[in-house]
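Subject: Structure handover

Hello,

Here is the structure you will be taking over. Some notes on what was found in it follow below.

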Amino acid sequence: MRSSLAPGVWFLRTFSRDSWFRGFILLLTFLIYTCYHMSRKPISVVKSRLHQNCSELINPINDTHSLNDTTWCSWSPFDKDDYNVLLGAVDNAFLVAYAIGMFISGIFGERLPLRYYLSAGMLLSGLFTSLLGLAYFWNIHMLWYFVLIQICNGLVQTTGWPSVVACVGNWFGKGKRGFIMGIWNSHTSVGNIIGSLIAGVWVNSDWGLSFIVPGIITAAMGIFTFFFLIEYPEDVDCSPPQHHGGPSENQDNPEDPGNSTYQHRESGVEAVATCPKEPVPEPAAISFLGALKIPGVIEFSLCLLFAKLVSYTFLYWLPLYIFNVAHFDAKEAGDLSTLFDVGGIIGGILAGLISDYINGRATTCCVMLILAAPVMFLYNSVGQNGITSSIVMLIICGALVNGPYALITTAVSADLGTHQSLRGNAKALSTVTAIIDGTGSIGAALGPLLAGLISPTGWNNVFYMLIAADILACLLLCRLVYKEILAWKAALSRVPGSSLALTHP
């Protein structure tokens with residue numbers, strides 16, 4: 001008679017298999033969005049090549065430009081005095097299209113298979129990124145071409161974020177979500193770093209390859225995604241995650257200050273549902289207005305608008321700022337700007353870890369935003385006095401600016417998308433993510449546009465604008481910070497004699 005499998009062995013086998021699949025999905029979605037951001041970054045590095053001071057270069061023989069022309073080596077139409085405005089228009093074409101498309105993308109993401117949706121988006125994004133580079137080889141000098149390609153690229157890139165967050169939300173519950181997603185969200189900074197380094201290889205020679213190579217990599221990743229992405233744990237007989245602690249939790253009032261508005265910590269890294277696999281009715285997708293009614297969605301969306309305004313201004317204009325102010329060449333400026341993204345990786349992980357520990361997403365974001373304002377002022381004032389100070393200030397500035405941005409777009413979005421008021425309807429996750437990131441993308445469009453308009457009056461004014469936006473982002477979280485403080489007090493009152501118990505027992 002064959003002995004039955006010991007419960008402990010069965011648990012280890014199941015846990016191990018589930019863990020392997022979860023790890024694979026986390027890695028795959030990390031690589032997917034790394035490619036999305038990698039394909040966005042080259043334009044910020046190539047800007048300094050599209051318009052440069054040519055007085056120190058040797059004018060080629062038989063050139064028709066006059067000897068006093070210092071822009072003969074620039075790429076038309078960016079060789080005029082209003083080049084900052086034109087480059088800002090190219091950036092804004094992408095970002096406005098991205099912001100508009102994001103509100104629609106989440107709705108499609110809930111209703112279409114994520115594997116098809118992501119694969120098509122990555123293939124098209126790779127195509128449009130490569131078309132920007134082909135302008136160099138096809139000798140295209142028309143502004144409308146760059147604007148049109150950026151609009152198309154902005155629209156197709158909206159397929160990425162709601163889809164990867166929804167996919168990760170399908171696989172992971174809420175235990176340690178801030179820390180896990182803090183590490184996972186480093187894909188934005190890793191993508192920016194890789195994009196900068198790839199663009200830097202060819203920026204001083206065949207700058208078209210700075211776009212074509214990332215475009216090919218992105219398209220290849222889209223093909224890989226089509227064959228290997230697994231949308232739901234149930235598709236491979238894995239146990240689905242449990243997003244909330246139990247039935248009693250769902251009966252709590254989501255607006256009760258005694259609860260964390262959007263976070264309930266579970267013991268352990270993951271809580272796995274153990275209910276039998278019986279067919280259940282698939283929940284209906286949530287409406288746009290229904291998603292807005294979830295507590296915290298509006299505040300975090302508006303906060304992200306200003307936080308992303310700051311982050312994306314650095315993303316698109318930092319290499320040019322270093323090029324103009326610190327007087328590095330185009331490649332060195334691009335390489336140095338990657339330190340801001342290194343700081344972003346550190347900041348995203350710290351923000352997730354701290355918010356998990358204190359059970360306060362809004363408070364973590366608010367404190368980092370408060371610290372970011374003086375650091376940005378110091379970077380503009382003394383950050384270019386030497387290479388050491390520049391490196392240190394860039395890393396600190398990147399951590400404090402990108403930390404709140406990373407936390408809101410990942411853990412907060414996933415928390416709100418699986419909020420207890422939805423009663424387990426995880427179909428809302430894609431829509432909530434799209435609303436939050438779509439609102440943030442409005443700020444992402446405004447930041448580089450304003451930087452292009454303000455920079456001719458001086459870079460100091462650009463930094464004043466960034467500091468003002470940072471302060472506004474902080475103020476928008478005041479109500480949620482107050483509610484978190486009340487939640488901590490309520491938790492402390494339920495644990496006699498404890499002054500450190502900030503989480504629910």
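Does Leu50 count as buried or exposed, and at what relative accessibility? Leu50 counts as buried, at 3% relative accessibility; buried means under 20% relative accessible area, exposed over 50% and partly exposed in between, with a 1.4 Å probe and protein chains only.

This is a predicted model, in which local features need pLDDT of at least 70 and side-chain atom pairs count only at pLDDT 80 or more, while totals for chains, interfaces and linings use all residues. Residues are numbered from 1 along each chain as its sequence is written, and side-chain values use heavy atoms, with hydrogens and water left out.

Leu50 belongs to helix 2 (residues 42–50). Helices (H or I, at least four residues) and strands (E, at least two) are DSSP runs numbered from the N terminus. Leaving aside residues up to four places away in sequence, Leu50 touches Ser74, Trp75, Phe78, Leu87 and Trp207; contact means heavy atoms within 4.5 Å. Ser76 is 26 residues from Leu50 in sequence, and their C-alpha atoms are 7.8 Å apart.

The chain as a whole has 18 helices and zero strands. Of its 505 residues, 57% count as buried. Among contacts between residues at least 6 apart in sequence, 83% join residues at least 24 apart.

On aromatic rings, the count is 25 pairs. Rings of Phe, Tyr and Trp (its six-membered ring) pair if their centres lie within 6.5 Å; planes under 30 degrees apart count as stacked, over 60 as edge-to-face and the rest as tilted. Ring pairs link Phe314, Trp317, Tyr321, Phe340, Tyr379, Trp459 and Phe463 into a cluster. Trp317 also has the charged end of Lys47 over its ring, 3.9 Å from the centre. Such a charge is NZ of Lys or CZ of Arg within 6 Å of the ring centre and within 35 degrees of the ring normal.

On cavities, there are seven of 30 Å³ or more. A cavity is a set of points, on a 1 Å grid over the protein atoms alone, where a 1.4 Å probe fits but cannot get out; lining residues have an atom within 4 Å of a point. Points are joined across faces, edges and corners, and volume is the space filled by probe spheres set on them. The largest cavity holds about 90 Å³. It is lined by 15 residues, with Asn192, Ser311, Leu315, Asp341 and Asn402 the closest to its centre. Helix 12 gives the most to this lining, with five residues.

Regards

Note on methods. On a 1 Å grid over the protein atoms alone, a cavity is a set of points where a 1.4 Å probe fits but cannot get out, and a pocket is an open set with protein on both sides within 12 Å along at least five of seven lines; lining residues have an atom within 4 Å of a point.
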